[in-house]
Structure formats: structure tokens, C-alpha cells
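Please open the model in your viewer and keep the selection tool ready. The tour moves from one selection to the next and says what is there at each stop.

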Amino acid sequence: FMDHAGSAEELHAYSEELVGSLHETILDLLAFPAPVLAAVNGPVTGGSAGLMLAADMVAMTETAFVQPYYNQVGFGPDGGWTALLPERIGTSRALAIQYRNTRIGATDAVALGLAECRVPGTDLAATIEGWVADFAKGFAQTHRATRQSVWDERRRNSVRERLDQEKTRFLDLVSRQSTLDGMKEFTRKWA
């Protein structure tokens, strides 16, 4: 983000495009007619968690984790942290994770229902391949009907509204001086 912070307008435009594209991708995944699987082999931070939250089944390696970092920088949550996470794990848990910037390791992700399993990194590809093989034993039309019933238009529209709300709040905060200072401090810490 700092590379696009030459002016408030430039940062706002970049953020609007980036967050908007991410949210459209999440909605596309929710509307996808076949099962969506995620293989997580490292950190999932900020808005990228939305790709994991949009998946039907997630396999995580032992070293993978999810962490928001929003309160470390000053952004508003995007990528489904408020639009999808509360529904998956409950409102109070979702809020506590974000307020406290909690790192969710693979074991905790399984316990919370964010992942199906925790596997050694060497087994990640085989785990996904096994799931695909299991799906192939069933009827694709049934998988499609199940997914379309779970992620029907009404439910996807509700998520879209909440993602739009996330984007509005993200854009409101991204070019504030306190957020710019937070971005500088965060990138300095991790550089």
C-alpha cells in the first residue's frame, strides 16, 4: 500500500480497486458451481483470508496460520472478516480474534471450523487430491445442487452487502493519517 500512498487520492483509488477486485473474487467463488477447496501452506493475513473463507473445505499445513493485523495498521477489515467469519465461528469469537489480532494456527482453525484438517506440508497436495477423488465418486449434479442451495442468490446478496460495507469502511480509514502512520510502522517492523 505504501507504494501507492503518493497522495490520498492515489491510495484511495488503488485501495478501491484492490478491495473491490478481492470482494468480486470472493463472490465469484461463492457462486462457483463446483466444490471450492483451499490448500493453505503459509500465512493468511488481512483480506486474503476471504479466499479461505469462501472455500468449502480447507486443508492447512502445520505451520500455516490466519491473522487479521487490521488493528496493527488501522485499516477496516476487508475480505470477509466481518462479512463471512462471524457466520462461520460466531460473532463474539470473530470479534475477539480481530480486536486482539489473534493468530489462528492450523490446529485452532480446525477446532473453530475454519479448516477441515491440519496436515504436514508434504501431505497437502495429496489431501486435496484425495478430496477431489472422493468427490469424483459421487454425482457432480448433486455437488452442484448442494452448493447452489447453500450459496443461493439471497445468501450471496447478503454477503455482497456486507462486503460492500467492509469496503466502504476500509476506504474511509485507509487514507487517514493515523492509518498511514500505522502502515509505515507495520512495514518498518516487518522489513
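A residue is called buried when its relative accessible area is under 20%, exposed when it is over 50%, and partly exposed in between, with a 1.4 Å probe and protein chains only. This is a predicted model, in which local features need pLDDT of at least 70 and side-chain atom pairs count only at pLDDT 80 or more, while totals for chains, interfaces and linings use all residues. Residues are numbered from 1 along each chain as its sequence is written, and side-chain values use heavy atoms, with hydrogens and water left out.

Select tyrosine 70 and tryptophan 81 to begin, both of which are buried. Rings of Phe, Tyr and Trp (its six-membered ring) pair if their centres lie within 6.5 Å, and planes under 30 degrees apart count as stacked, over 60 as edge-to-face and the rest as tilted. The structure holds 3 aromatic pairs. One of them joins tyrosine 69 to phenylalanine 186 in an edge-to-face arrangement, 5.3 Å centre to centre with 65° between the planes. Tyrosine 69 is in the loop between β4 (65–67) and α3 (70–73), whereas phenylalanine 186 is in helix α10 (residues 177–190), so that this pair links distant parts of the chain, 117 residues apart; helices (H or I, at least four residues) and strands (E, at least two) are DSSP runs, numbered from the N terminus. Tyrosine 69 counts as buried because its relative accessibility is 12%. Returning to tyrosine 70 and tryptophan 81, their ring centres are 6.2 Å apart and their planes are at 80°, so this pair is edge-to-face.

Next, show arginine 103 and phenylalanine 65: the charged end of the arginine sits over the ring, 3.6 Å from its centre. A charge counts as over a ring if NZ of Lys or CZ of Arg is within 6 Å of the ring centre and within 35 degrees of the ring normal. Arginine 155 has its charged end over the ring of tryptophan 151, 4.0 Å from the centre.

Finally, select helix α1 (residues 8–31). Which of its residues are buried? In α1, the buried residues are Leu11, Ser15, Val19, Gly20, Leu22, His23, Ile26, Leu27 and Leu30. An α-helix has 3.6 residues a turn, so residues three or four places apart point the same way. The end C-alpha atoms of α1 are 34 Å apart, which agrees with the 34 Å that its 24 residues should span at 1.5 Å a residue, the expected span being 1.5 Å times one less than the number of residues.
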